[in-house]
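Thanks for coming. Please look at the sequence and the structure for a moment, and then I will go through a few parts of it.

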Amino acid sequence: MRFWKYYAEGNSYVVVDDPGAAAALAGGVNDPARGLGGDGLLLAQWGSDRVGMRIVNPDGSAAPACGNGARCLAALAIALGRADPDAVLDVVSPGLTVRHRLLDRATWRFAQELTLATAPVEGTQFVLGTPHRVVLGPLAGLDPAVAGPPQERSWPGGTNVMFAEVRAAGRIAVLPWERGVGATLGCATGAAAAALAVARREPAWPARTVVEQPGGTIAVTWDRARPDALTLEGTARPIATGEVHPW
Ligand SMILES: N[C@H](CCC[C@H](N)C(=O)O)C(=O)O
């Protein structure tokens, strides 16, 4: 079964485009010893002006949205000649549609536009296609593997948890704990949730927030005049392609 593996600001994903392969690989392919590692499996369904995306977490659960994964599929679609690098490309997952514009071909930097369906559900609990809880406070000494699970369970069906600290005006740091995955080096919809949480709390916060995560930096733009629109900027790069054999 043909696979691709891609990296995007702290998440790596195994990608397949054959639904049968996806079913055979789900829940096992991300095992670091018996499989290919990574933070999930993405099934791409190529369309003429869009790419469908299904996401399976390493524990076998389905995720409704994935910002870093969407960028990986946009980059792969262009690399395979299935999408026009000069046109916009929608990556459509069950919970979220993300519109991509390639900003720089040399670095595979994209702008991603998404529309927020909901305001915060309560306090700093957001749903950006998938649920995110933002926990603001100092990150020094914080271990997401310890602090994450109780927060994850505090939401029906579980929530992703973003531990976030303000570093300067327009700059925050985030340590993610992902539902169905564990501690990761980055999370794009989580970065957006964290930026929103801080910007909503501080009226003088600038429109553009640089979100530093261990695996890379995502820029999030949120204009108070258009509160339902968000733009993210980040990259995607190939790691490997080849044949993978399900167990
Ligand atoms: N890392 C992804 C989100 C994955 C969410 C998944 N872990 C879930 O169960 O909701 C991102 O870049 O947006």
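This is a predicted model: local features need pLDDT of at least 70, side-chain atom pairs count only at pLDDT 80 or more; totals for chains, interfaces and linings use all residues.

The unreviewed UniProt entry lists Cys66 under "active site". Where in the chain is Cys66? It sits in a loop, with β5, residues 62-63, on one side and α2, residues 67-79, on the other. Is Cys66 buried or exposed? Its relative accessibility is 8%, and the cut-off for buried is under 20%, so Cys66 counts as buried. Leaving aside residues up to four places away in sequence, Cys66 touches Tyr13, Met53 and Ile55.

How many does a search of the whole structure find? The search finds zero. For Cys66, the closest cysteine sulfur belongs to Cys187, and the distance is 6.9 Å. A disulfide here needs the two sulfur atoms within 2.5 Å, so 6.9 Å is too far for a bond. Cys72 is in no disulfide either; the nearest cysteine sulfur to it is that of Cys66, 7.4 Å away. Cys72 is also buried, with a relative accessible area of 0%.

Now the ligand. There are 16 residues around it, and those that come nearest are Asn11, Gly67, Thr130, Ala188 and Thr189. Next, an N or O atom in the side chain of Arg179 is 2.9 Å from a ligand oxygen atom. Then there is Ala188, where a polar atom of the backbone lies 2.8 Å from an oxygen atom of the ligand.

Ala188 takes us to the last topic, helix α4, which covers residues 188-201. This helix has 14 residues and reaches 20 Å from its first C-alpha to its last, close to the 20 Å expected at 1.5 Å a residue. How many of its residues are buried? The count is 12 of 14, so α4 is mostly covered. Among the buried ones are Ala188 and Thr189, both of which I listed with the residues nearest the ligand. Others include Gly190, Leu196 and Val198.

That is what I had; questions are welcome.

Terms used:
Residues are numbered from 1 along each chain as its sequence is written. Side-chain values use heavy atoms; hydrogens and water are left out. UniProt positions are given in the numbering used here, feature names are shortened, and annotations may be inferred rather than shown by experiment. Helices (H or I, at least four residues) and strands (E, at least two) are DSSP runs, numbered from the N terminus. Buried means under 20% relative accessible area, exposed over 50%, partly exposed in between (1.4 Å probe, protein chains only). Contact means heavy atoms within 4.5 Å. The expected span of a helix is 1.5 Å times one less than its number of residues. A residue is near a molecule or strand if one of its heavy atoms lies within 4 Å of it. A polar contact is a pair of N or O atoms within 3.5 Å; within protein, one must be able to donate a hydrogen and the other to accept it, and residues adjacent in sequence count only if both atoms are side-chain atoms.
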